[in-house]
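Hello,

I am passing a structure over to you today. Please have a look at it, and read my notes below alongside.

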Amino acid sequence: MSSKEPAKPMSAAEDAFIRALSRVLLAMPRAVEHDMARGGLLPLSEYTALMHLSEVEGRTMRMSELASVSNLSLSGMTRIVDRLERRSLVKRVRCDEDGRGWNAVLTDAGLAALTESWPIHLASVRRHVLDHVQGEDLNQLTKVLQRIATDP
């Protein structure tokens, strides 16, 4: 859009969608975090980091990549990995590729903690999100959200 073009106002439906989406983006992580804290297991940020590590070959990921897929800054991910490392759920090792960067490696204890926390995470996500979209076209909704997430 050029600076000379006037902004096109949102329709009532577009405005309602944006407001609802904003509420979901704020409320859903808070609700899941609350449920996980009540369960006394992993906080959502730690669960997310361990989940991503569990899904890759060798359960190893460069710290910057882990931060990116977790939607965090590198410094934010470093703080999370520091906490996980103190509890022996993750270890940090130098990158073989260049020796400058660091990899986070999921330990067996970390995988066990993730596995133990999974049922609480699943129940929370079902209750706060999936139960509300039953009967909706999940494939279509997923495609729309992926398009939104990848739009620069």
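The largest pocket in this predicted model has a volume of about 1,600 Å³. Its lining counts 34 residues, and Val24, Leu25, Met28, Pro29 and Leu145 are the closest to the centre. By class, 23 lining residues are nonpolar and 11 are polar, with no charged residues.

Which elements give two or more residues to that lining? They are H1, H2, helix H3 (63-69), helix H5 (108-128) and helix H6 (138-150). H1 gives the most, with 8 residues.

Two of these helices are also worth a look as a pair. Helix H1 covers residues 12-39 and helix H2 covers residues 44-54; they pack with their axes 9 Å apart, at an angle of about 95 degrees. An angle of 65 to 115 degrees counts as roughly perpendicular, so H1 and H2 are roughly perpendicular to each other. On the H1 side, the contact is made by Pro29, Val32, Glu33 and Met36, while H2 brings Leu44, Ser45 and Tyr47. Sorted by class, this contact has 5 nonpolar residues, 1 polar and 1 charged.

One more residue for you to find is Glu46, in helix H2. Is Glu46 buried or exposed? Its relative accessible area is 2%, and under 20% counts as buried, so Glu46 is buried. Leaving aside residues up to four places away in sequence, Glu46 touches Ile80, Arg83, Leu84 and Arg87.

Best wishes

Key. Residues numbered from 1 in each chain as written. Predicted model: local features only at pLDDT ≥ 70, side-chain atom pairs only at ≥ 80, totals over all residues. Heavy atoms only, no water. Axes fitted to C-alpha atoms, helices over the stretch in contact; angles between N-to-C directions. Helix = DSSP H or I, 4+ residues; strand = E, 2+ residues; numbered from the N terminus. Parallel < 35°, antiparallel > 145°, perpendicular 65-115°, else oblique. Contact = heavy atoms within 4.5 Å. Nonpolar A, V, L, I, M, F, W, Y, C, P; charged D, E, K, R; others polar. 1 Å grid on protein atoms, 1.4 Å probe; cavity = no way out; pocket = protein on both sides within 12 Å on 5 of 7 lines; lining within 4 Å. Points joined across faces, edges and corners; volume = space filled by probe spheres on them. Buried < 20%, exposed > 50% of the residue type's maximum accessible area, 1.4 Å probe, protein only.
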